[in-house]
Amino acid sequence: MNVYDSERIAAILKNMGYKAADDVRDADLILFNTCHIREKAAEKLFSDLGRIEIIKNERAERGLETIIGVVGCVVQAENEQIAKRAPYVNFATGPLTYYRIPEILQRIANEKNICIIDTDFPAESKFDHLPQNDHTGGCAYLAIQEGCNNFCTYCIVPYTRGVETSRPIEDILHEARNLVNNGVLEINLLGQNVNSFHGEDKNGREQNLAYLLNKMAEIEGLQRLRYTTSYPADMNDELIKCHHDIEKLMPYLHLPLQSGSDKILKAMNRRHTSGQYLEIVEKLKEANPNIGMSSDFIVGFPGETDADFQATMDMVQKVNFIQAFSFKYSRRAGTPAAVYPNQVEEKVKKERLEILQNELFSRQLNFNKGCVGKIMPILFESKGRKKGEIFGRSPYMQTVIVKSGTENINRIKNVKITSGGMNALCGEL
Ligand code: 5AD
Ligand code: SF4
């Protein structure tokens, strides 16, 4: 979602006449788009700001003014900290209000030496104020839903991105058609809780994600569709059926489980059990036997015992995830779990994370090795690190590297996979 927001912010600035600087030392405006999901992500902002202050001072010695702005969820949660720890920041605005950047920059130009902090949850939708999404090239993100009403007890998102809102279907289809006209072949529909999407159609009727996916699939020229991130309890039968009916929908689903223990899921306020999760996976596999599952896990949630952690390991074995993200539980101020009394020791979290990741990574490697010899359609995105190589993505989001000139970038080509490592596959056109 932050990549998408950053693209939209870049488009706002381009409209105002800004150009991207090759070197940060040449930048008149430096913007940070930030994440507050875990402490590590938030702390990164403050260490980056420290570096940038030095650059701002160096530029001042050369007689150059530098405006520093912070955007995103850290602003929503820690605006006072930003003003205190980094007083040289000129403005800070949350993830729902960045469309106001032109106004903010205008005020800074007029009034000088002011610090503007905007943490509003506006009644209006930012999407109504943004310039057209001008992303070009192979794959694009498209935000269709934002915010979350689930209030998982560990999660800061409902407090930073606000309550769940869905964009109107016609606006989404308009943005999608534009993207396809720009040469986009794959669209990844985004939302914090994307599968509870309930946008209005042109007759003012609320429609669900299954309806939208079917509409999207009708767009000529669009070759691939994905949606991220889903909540297990919202995986209804109609949506599961899309994985059977819609050929453009890639056979890969990121469906966070968080924990395999029903006791911990309950304490997390997740509205599903591990058994229900397995049922959903079964149904998805019935709909499309080729589907590969991906997930998010948290280890060391307050009260997690060895037996609870073992239940997570059991689920990893049962579902056989082909890819997953895993994290140590991070206390987020203002969330219920942050003050639960039974916090897990850091040492235990670290050990559990290592055990879980070893298992997840070895399954990922196995899956990747299993692809050797197969022919897969790869959407090429960019030049590779080595000269004469390009890389792209498989239907399962694996990175695939081949020897080729740049003429195949932004195209889908069949590739025979010749080797498979943990992080990437190699192949031949
Ligand atoms: N601590 C650790 N991981 C978290 N996530 C969300 N909040 C926290 C937290 N407080 C993880 C969840 C979520 C992913 C985006 O980040 O696994 O699915
Ligand atoms: Fe956070 Fe996702 Fe839970 Fe919403 S569903 S509260 S975004 S973890």
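Angles run from 0 to 180 degrees between N-to-C directions, with axes as lines fitted to C-alpha atoms, for helices over the stretch in contact. Helices (H or I, at least four residues) and strands (E, at least two) are DSSP runs, numbered from the N terminus.

Some ground rules. This is a predicted model, where local features need pLDDT of at least 70, side-chain atom pairs count only at pLDDT 80 or more, and totals for chains, interfaces and linings use all residues. Residues are numbered from 1 along each chain as its sequence is written, chains are lettered from A and ligands numbered from 1 in the order in which they are written, and side-chain values use heavy atoms, with hydrogens and water left out.

Five bridges link β8 (residues 186-190) to β9 in the parallel sense. Glu186 has Arg224 in β9 as its bridge partner.

Stay with β9 for a moment. Thr228 and Thr229 are joined by a cis peptide bond, with omega about -5 degrees. Thr229 sits in the loop between β9 and α8 (237-245).

On to ligand 1. Residues around it include Ile37, Arg38, Tyr154, Gln258 and Asp296. Near means that a heavy atom of the residue lies within 4 Å. By class, the shell has five nonpolar, two polar and four charged residues. Ala, Val, Leu, Ile, Met, Phe, Trp, Tyr, Cys and Pro count as nonpolar, Asp, Glu, Lys and Arg as charged, and the others, Gly among them, as polar. Two strands, β11 (292-299) and β12 (323-328), each supply at least two shell residues.

What about polar atoms? A side-chain N or O atom of Arg38 is 2.9 Å from an oxygen atom of ligand 1. A polar backbone atom of Tyr154 is 3.0 Å from a nitrogen atom of ligand 1. Gln258 has a polar side-chain atom 2.6 Å from an oxygen atom of ligand 1. How much of the ligand's own area does the protein cover? It covers 87% of the 400 Å² of accessible area that ligand 1 has on its own, by the Shrake-Rupley method with a 1.4 Å probe.

Look again at Gln258. Its phi is positive, about 75 degrees, although Gln258 is not a glycine. Gln258 is placed in the loop between β10 (252-254) and α9 (262-267).

Next, ligand 2. Its surroundings include Cys148, Cys152, Cys155, Tyr231 and Arg270. Tyr154 is listed here, and Tyr154 is also listed around ligand 1. The ligand 2 shell divides into eight nonpolar, one polar and one charged residue.

Last, the barrel. Five strands close in the order β13-β14-β15-β17-β16, with mixed pairing. The twist averages 55 degrees from one strand to the next. Strands β13 (residues 375-383) and β16 (residues 412-420) run antiparallel, joined by five bridges. Ile375 stands opposite Lys416 in β16.

Terms used. A polar contact is a pair of N or O atoms within 3.5 Å; within protein, one must be able to donate a hydrogen and the other to accept it, and residues adjacent in sequence count only if both atoms are side-chain atoms. Two strands pair if DSSP finds at least two bridges between them.
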